[in-house]
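Subject: Structure for your review

Dear colleague,

Please find the structure below, with its sequence.

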Amino acid sequence: MTACSPSPAGGTSASSRRWRAELATKSFVLQVYDPDAPTGSGFWHWTAYNIPASVSQLAEGAGNAPANLPMGS
């Protein structure tokens with residue numbers, strides 16, 4: 001991944017994510033980690049993997065339900 005421009009989330013839903021792929025990219029993994037969670041060590045909210053290289057963004061709330069993720073993820 002050459003660039004990732006996350007937007008700060010407002011409220012409780014995940015914000016949208018966009019990126020650009022290198023030419024030989026086959027798939028992506030996106031992990032959402034909150035280092036400021038009140039656990040003392042942060043909190044991993046979710047992981048999406050096997051996102052096809054043809055996908056360049058996830059919509060707001062994509063991690064809230066598998067049906068919101070791109071086909072193949």
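The backbone nitrogen of Asp36 lies 3.0 Å from a polar atom of the Asp34 side chain, a polar contact in the sense of a pair of N or O atoms within 3.5 Å, where within protein one must be able to donate a hydrogen and the other to accept it, and residues adjacent in sequence count only if both atoms are side-chain atoms. This is a predicted model, in which local features need pLDDT of at least 70, side-chain atom pairs count only at pLDDT 80 or more, and totals for chains, interfaces and linings use all residues. Residues are numbered from 1 along each chain as its sequence is written, and side-chain values use heavy atoms, with hydrogens and water left out.

Asp34 itself belongs to strand E3; strands (E, at least two residues) and helices (H or I, at least four) are DSSP runs numbered from the N terminus. With a relative accessible area of 26%, Asp34 is partly exposed, a class that falls between buried (under 20%) and exposed (over 50%), with a 1.4 Å probe and protein chains only. Leaving aside residues up to four places away in sequence, Asp34 touches Gly42, Phe43 and His45, where contact means heavy atoms within 4.5 Å. Asp34 and Trp44 are 10 residues apart in sequence, and their C-alpha atoms are 6.3 Å apart in space.

As to the overall fold, the chain has zero helices and five strands, in the order β-β-β-β-β along the sequence. Of its 73 residues, 23% count as buried. The accessible surface comes to about 5,200 Å², and 53% of that belongs to carbon and sulfur atoms; such areas come from the Shrake-Rupley method with a 1.4 Å probe, and for residues only the protein chains shown count as cover.

Strand E2 (residues 17-20) has a covered face, formed by Arg17 and Trp19, and an uncovered one, formed by Arg18 and Arg20. E2 and E5 run antiparallel and are joined by two bridges; strands pair if DSSP finds at least two bridges between them. Within E5, Leu58 is the bridge partner of Arg17.

Which residues make up the largest nonpolar core? There are 10 of them: Trp19, Phe28, Leu30, Val32, Trp46, Ala48, Ile51, Val55, Leu58 and Ala62. A nonpolar core is a set of buried Ala, Val, Leu, Ile, Met, Phe, Trp, Tyr and Cys residues joined through side-chain atoms within 4.5 Å. E3 and E4 are the elements that give two or more residues to this core. Val32 touches Phe43, Trp44, His45 and Trp46, again not counting residues up to four places away in sequence.

The structure also holds two aromatic pairs. In one of them, the ring centres of Tyr33 and Trp44 are 4.5 Å apart and the planes stand at 40°, so the pair is tilted. Rings of Phe, Tyr and Trp (its six-membered ring) pair if their centres lie within 6.5 Å, with planes under 30 degrees apart counted as stacked, over 60 as edge-to-face and the rest as tilted. Tyr33 is in strand E3 (residues 27-34) and Trp44 in strand E4 (residues 43-52), 11 residues apart. Tyr33 is partly exposed, at 35% relative accessible area.

Asn50, in strand E4, has a positive phi of about 60° although it is not a glycine. Asn64 lies in the segment after strand E5 (57-58) and counts as exposed at 53% relative accessibility.

Yours sincerely
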